Amino acid sequence: MAPPARPTMSDPIRRLAAEALGTAMLVATVVGSGIMAQRLTNDIALALLANTAATGAILVVLIGLLGPVSGAHFNPAVTLVMALRRQLSATDAGFYVIAQIGGALIGTLLAHLMFDLPLVSAYADPRNGASQWLSEVMATFGLLLTILLSLKHAADQIALRVGLYITAAYWFTASTSYANPAVTIGRALTSSFAGIGPADVPGFIVAQIVGALLALGVATWLLRTPSEHRA
């Protein structure tokens, strides 16, 4: 769920640590706010609103803080697109994804510990089918389009734009906008409001990758110069 201002640091260990830390804090916020909302109200709409507000807010903070260190991807779909744009090597991208997934798993475990829950619990309600997968395509497409067009025209506004986009996407998609393979994997460890069943994870991840690739294609076309169009 996040964007990549080009990193200014060369230390790979600190960049990977930033990706793991940022993803862990993001997932801890998503899962933890879902648990808190579920405990405070039986109103599903109000619980989703609380979950949405916390997620959008933490994205703005994390991207602003860690963007200068690692690019603040926190999302394998973002990392894939940056690698395809040759802004990240394949090796670096692979390590980024490992750090992101590890961070996502730690984030869920931390949320469970904070709320005195079992470290791992299985989500029962299904999240699958065409509407859910299309929602994830659209959610990830919009996220990556927001990032790529902002990088071109307003890089200093990426944190705010991503936070606002995810806030909106929670509400206009049937899936509540996971839009992030690492976050999806992390949320498979919880049976709380923010959970997803492990069996539904592959379908979500495929849809997210499709959405990211579509966004790359559309953004590349939109940002072409007149001379590139003629060529």
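Helices (H or I, at least four residues) and strands (E, at least two) are DSSP runs, numbered from the N terminus. The structure is a predicted model, in which local features need pLDDT of at least 70 and side-chain atom pairs count only at pLDDT 80 or more, while totals for chains, interfaces and linings use all residues. Numbering starts from 1 along each chain as its sequence is written, and side-chain values use heavy atoms, with hydrogens and water left out.

**View 1. Ser177 in the loop between α6 and α7.** Ser177 is found between α6 (158–172) and α7 (181–187). Its phi is positive, about 55°, although Ser177 is not a glycine. Ser177 counts as buried because its relative accessibility is 0% (buried means under 20% relative accessible area, exposed over 50% and partly exposed in between, with a 1.4 Å probe and protein chains only).

**View 2. Asp116 in the loop between α4 and α5.** Phi of Asp116 is near 55°, a positive value in a residue other than glycine. At 71% relative accessibility, Asp116 counts as exposed.

**View 3. Packing of α5 against α8.** Two packed helices are described by the angle between their axes and the distance between the axes. Here α5 (residues 130–153) and α8 (residues 201–222) pack at an angle of about 40°, with axes 7 Å apart. Axes are lines fitted to C-alpha atoms, for helices over the stretch in contact, and angles run from 0 to 180 degrees between N-to-C directions. The contact of α5 with α8 has 17 nonpolar, five polar and one charged residues. Ala, Val, Leu, Ile, Met, Phe, Trp, Tyr, Cys and Pro count as nonpolar, Asp, Glu, Lys and Arg as charged, and the others, Gly among them, as polar.

**View 4. Packing of α3 against α8.** The axes of α3 (residues 76–84) and α8 come within 9 Å and cross at roughly 40°. α3 passes α8 in a right-handed crossing. On the α3 side, Ala77, Leu80, Val81 and Leu84 meet Ile209, Ala212, Leu213 and Leu216 of α8 (contact means heavy atoms within 4.5 Å). By class, this contact has eight nonpolar, no polar and no charged residues.

**View 5. The largest pocket.** The volume of the largest pocket is about 250 Å³. Its lining has 17 residues, of which Gln38, Ile44, Tyr123, Arg127 and Phe193 lie nearest the centre. Helix α2 (residues 44–70) gives the most to this lining, with four residues. The lining divides into seven nonpolar, seven polar and three charged residues. On a 1 Å grid over the protein atoms alone, a pocket is an open set of points where a 1.4 Å probe fits, with protein on both sides within 12 Å along at least five of seven lines; lining residues have an atom within 4 Å of a point.

**View 6. Trp171 in helix α6.** Trp171 is partly exposed, with a relative accessible area of 44%. Not counting residues up to four places away in sequence, Trp171 touches Ala45, Leu48, Leu49 and Thr52. Trp171 and Gly186 are 15 residues apart in sequence and 21 Å apart in space, C-alpha to C-alpha.

Key:
Grid points are joined across faces, edges and corners, and a volume is the space filled by probe spheres set on the points. A crossing is left-handed if the near helix is turned anticlockwise from the far one by less than a right angle, and right-handed if clockwise.
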